[in-house]
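Me: I am new to this one. Could you take me through it in short steps?

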Amino acid sequence: TVDDGSCDMSSTDVFGCTDSTGYNYNPLATINNGDCVMLHPGEQVHGGIVFYVDETGQHGLVAAIEDLAEYYEWGCYGTSISGADGQFIGTGYQNTLDIVAGCSDTNTAAYNALNSTVGGYTDWHLPSKDELYEMYMTIGNGSPEGDIGGFGNNWYWSSSEYNNYSTWYVGFSDGNA
């Protein structure tokens, strides 16, 4: 409320992210204000490994560091699951909710992913087909850094239903779906 004379109103300083590797890098910024978003695929955060960051740098997806402890069926074999057909990045969570809602069996991959706790986090789900392929390309065997996610050459279920007898999955040996 009282001007102490310390403000320079003719200053050309611009506050923002000055780190060019930050997702919200501002090339006009001259003073770093500490808000740089620095998540990158392969970084371990939130109980898992970042495999996708959107164009804003503010949102992304994380793969759990560990697999579910045992082998589970995808859902109820022979039952068409209404709504579990999203294949794009961002549809995996809703697909998983749809599988659990349409299949009362609790011995499924969808149910157990949705109800798991890994690294203190409980917001896990089966990835959609495209999310799973993105994992293969960024932290799996398709990554320039190699299989930093520790997937090996295994096949993994996606949450994307193909029909009432099969679902999309991705082989981490070669990326084939």
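Me: Which order do the strands of the open sheet have?
Reply: This is a predicted model, where local features need pLDDT of at least 70, side-chain atom pairs count only at pLDDT 80 or more, and totals for chains, interfaces and linings use all residues. Residues are numbered from 1 along each chain as its sequence is written, and side-chain values use heavy atoms, with hydrogens and water left out. Strands are DSSP runs of E with at least two residues, helices are runs of H or I with at least four, and both are numbered from the N terminus. The open sheet has three strands with antiparallel pairing, in the order S3-S4-S5.

Me: Which are the edge strands?
Reply: Two strands pair if DSSP finds at least two bridges between them. An edge strand here pairs on one side only. The edge strands are S3 and S5.

Me: What is the bridge partner of Tyr52 in S5?
Reply: S4 and S5 run antiparallel and are joined by five bridges. In S5, the partner of Tyr52 is Leu61.

Me: Where is His46 found?
Reply: His46 is not a glycine, yet its phi is positive, about 50°. Its relative accessible area is 47%, so His46 is partly exposed (buried is under 20%, exposed over 50%, partly exposed in between, with a 1.4 Å probe and protein chains only). His46 is found in the loop between strand S3 (44–45) and S4.

Me: Are the planes of Trp157 and Tyr169 stacked or edge-to-face?
Reply: Rings of Phe, Tyr and Trp (its six-membered ring) pair if their centres lie within 6.5 Å; planes under 30 degrees apart count as stacked, over 60 as edge-to-face and the rest as tilted. The structure holds nine such pairs. The centres of Trp157 and Tyr169 are 6.2 Å apart and their planes stand at 85°, so this pair is edge-to-face.

Me: Which strands hold Trp157 and Tyr169?
Reply: The two residues are 12 apart in sequence, so their pair ties together separate parts. Trp157 lies in strand S6 (residues 155–163), and Tyr169 in strand S7 (residues 166–171).

Me: Which ring does Lys129 lie over?
Reply: A charge sits over a ring if NZ of Lys or CZ of Arg is within 6 Å of the ring centre and within 35 degrees of the ring normal. Lys129 lies 3.9 Å from the centre, over the face of Trp168.

Me: Which elements do the buried residues of H1 pack against?
Reply: In helix H1 (residues 92–102), the buried residues are Gly92, Asn95, Thr96, Asp98 and Ile99. They cover an arc of only 160° (taken from the directions from the helix axis to the C-beta atoms), so they sit on the same side of H1. Through contacts, meaning heavy atoms within 4.5 Å, they pack against helix H2 (109–114), H3 and S6.
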